[in-house]
Amino acid sequence: MAEYLLIFRGGDAAREEEQQSPERWQAHMEKWMQWMGALTEQGKFVGAQPLKVAGRVVTGTGKVVTDGPFVEGKEMVGGYLICKAESLEEAVEISKGCPVLEHDGIVEVREINSLAH
Amino acid sequence: MNASFTISKLTDQLFRHEAGKMVALLTKIFGTENLDISEDVVQDTFINAMQVWPLKGVPDNPSGWLFRVAKNKAIDVLRRNKFSRQIDFNDPERTLLQSEYTLTAAVEKLWRDDEIQDDLLRMMFACCHPDIAEENQITLILKTLCGFSTSEIAKAFLTSEDTVSKRLYRTKNFFREKKIKPEFPAPAQLKYSIEAVLKAIYLIFNEGYNATHANDLIRKDLLDQAMYLCKLLAENANTRLPEVFAAMALMCFHSSRINGRINEQGEIVLLAQQDRSKWNRQLIEEGNAFMNKAAYGDVISSYHIEAAIAYEHCIAETFEQTNWQNILAYYDMLVAVHPNAVVMLHRLTVIYKVFGAAKTLEEMDAAVYKKDWEKNYLYYALLGDIYAKTAPERSKEYYQIAFNMTQSSAEKNLLQKKMNDRGGI
């Protein structure tokens, strides 16, 4: 069993729209609850958090701090989830339940590497 | 009566009735290992109410308001402690409280108010864990689930606030180490657990009935709450045992006489002088119904016998018609089941009724409970009665000792009256 990082990109525009209505917002969050709840029941959930839109970028040996470049909307990282899975294929199957996909979002699935020699 | 006074009275009342339920719910989120967090959230919520209500008015549904605010505060606490080890997020029921994606929905899922009565009972059983000393169990139930202050518990137990704080500290430490999960006991364990729970309930009841607090005579809210908790046990499929019904019957019989027991001046009226038409017939009937339900099984608990004693008083149409012989027989049974100083002392008052002074003094001398009795004002009050006719001066001295020992102003008034009359019952 390996750990996988699921990186969520985009999907935020739709979420903002849903924030206008408490009922729709609750329904949207209920989807997260169902998806992550199922993972928890299977013992595969490790952790997950959404990210704020604002941030900083630190670059190079000079440690230059800038406000960007952040790509807009679709490609911006909006959150992550770490889960356990037997294979990349299973992790991909898991990722298909992610609610961001319903709002034109993208999920990138990556196995967490072990750096042991 | 000004607004802020009314609000503080209302919040006091709500604290008694709702704080325990709120703690029971919050414990599902924070665990018994974090009782302090749950209690802090409840405390904060009530402070908030006392700040907001005088300005914005009391909400239409004050309880609903309190639960909503407590829920939001719990979410804030979870947010602040997302990465702390204090809260056990490894428990599958709590894992999703750690992620912002699911925090609110996960709290909503745990915050089911239709299960609140079960939660409260589960908490009662957690407090009555067999590895916790009995006095610590009772202290925690009163503090955490019944909204009692440390000083009220100290008065109820005739002990110091310091002792009560130590008991609470020890029990919470036990919870912290063992992470006890609130649940209904296994069938084999049920009898033992129920006993401790009933004892705590009865203590609350007695606290209300005897009112050790100066100037706050009959604490109806205490009686109500004790009966509420007992009713929860009686109505729950997991806990409806004969002794639960017997305890319920006992409390119904006792509380039926409340209205006759105190006059308009807040003075205690002796059983002999009580206006029996003021007794609550409906409560007596309810007590009978519970007594019938208590009659199955082969268990005779002390509650069965005490209820039978209370019943004898309830059915006597006049004081003179009281069947003291029956009552004495019940006391003898009670002594056999549950020998202790208080029961023996009460039995003596019946001996005095049935056989008079000489026999009572004889039994007193033969008893091993003298040391315990000497801590109880009732003992001196009884001695005062015994000597009232034969040795008035001596009688007065005993009444005076009893007067100095009791904290209840109603009892003090009664003893003062007896001293003035130099006569007992």
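Q: Helices (H or I, at least four residues) and strands (E, at least two) are DSSP runs, numbered from the N terminus; how many helices and strands does chain B have?
A: First, a word on the model: it is predicted, so local features need pLDDT of at least 70, side-chain atom pairs count only at pLDDT 80 or more, and totals for chains, interfaces and linings use all residues. Residues are numbered from 1 along each chain as its sequence is written, chains are lettered from A and ligands numbered from 1 in the order in which they are written, and side-chain values use heavy atoms, leaving out hydrogens and water. With that in place, the count for chain B is 21 helices and 0 strands.

Q: What is the radius of gyration of chain B, and what would a compact globule have?
A: The radius is taken over C-alpha atoms, and the globule rule is 2.2 Å times the number of residues to the power 0.38. For 425 residues, that rule gives a value near 22 Å. Chain B agrees with it, having a radius of gyration of 24 Å.

Q: What box do the C-alpha atoms of chain B fill?
A: Picture the chain laid along its principal axes. Taken that way, the box is roughly 80 × 55 × 40 Å.

Q: Of the residues of chain B, what percentage count as buried?
A: Buried means under 20% relative accessible area, exposed over 50%, and partly exposed in between (1.4 Å probe, protein chains only). Among the 425 residues of chain B, the buried share is 52%.

Q: How far apart are the mean positions of the positive and negative charges of chain B?
A: Lys and Arg count as positive, Asp and Glu as negative, while His and the chain ends are not counted. Chain B has 51 positive and 55 negative charges. Their mean positions are separated by 2 Å.

Q: Which helices hold B:Glu39 and B:Lys172?
A: The side chains of this pair meet in a salt bridge (a side-chain nitrogen of Lys or Arg within 4 Å of a carboxyl oxygen of Asp or Glu), with 2.8 Å from N to O. The two residues are 133 apart in sequence, so their pairing ties together separate parts of chain B. B:Glu39 and B:Lys172 are both buried. Their helices are H2 (residues 35-56) for B:Glu39 and H8 (residues 161-178) for B:Lys172.

Q: Which residue forms a salt bridge with B:Lys199?
A: The closest N and O atoms of this pair are 3.1 Å apart. The bridge ties helix H9 (residues 187-210) to helix H6 (residues 134-145), joining parts that are 65 residues apart in sequence.

Q: Is B:Arg347 buried or exposed?
A: B:Arg347 forms a salt bridge with B:Glu363, at 3.0 Å between the closest N and O atoms. This links helix H16 (residues 341-355) with helix H17 (residues 357-366), across 16 residues of sequence. B:Glu363 is partly exposed at 22% relative accessibility. B:Arg347 has a relative accessible area of 11%, which means that it counts as buried.

Q: Which residues do salt bridges that share partners join into one network?
A: The structure holds 30 salt bridges over all chains. Through shared partners, some of them form a network of B:Lys28, B:Arg112, B:Asp114, B:Glu115, B:Asp119 and B:Arg122.

Q: Which residues does B:Thr27 touch, not counting residues up to four places away in sequence?
A: B:Thr27 lies in helix H1 (residues 3-30) and is buried, with a relative accessible area of 3%. A contact means heavy atoms within 4.5 Å. On that basis, B:Thr27 touches B:Thr32, B:Leu35, B:Ser38, B:Arg94, B:Met123 and B:Pro182.

Q: From the N terminus on, how do the elements of chain A run?
A: Chain A has 3 helices and 6 strands. Of its 117 residues, 38% are buried. Its elements follow the order β-α-α-β-β-β-β-α-β.

Q: Where is the place of A:Asp104 in chain A?
A: Most residues other than glycine have a negative phi. A:Asp104, though not a glycine, has a positive phi of about 65°, and at 57% relative accessibility it counts as exposed. Its place is the loop between helix H3 (88-95) and strand E6 (106-111).

Q: What is the phi of A:Lys63?
A: A:Lys63 sits in the loop between strand E3 (57-59) and strand E4 (64-66) of chain A. It is exposed, with a relative accessible area of 60%. Its phi is positive, near 50°.

Terms used. The place of a charge is taken as NZ of Lys, CZ of Arg, CG of Asp or CD of Glu.
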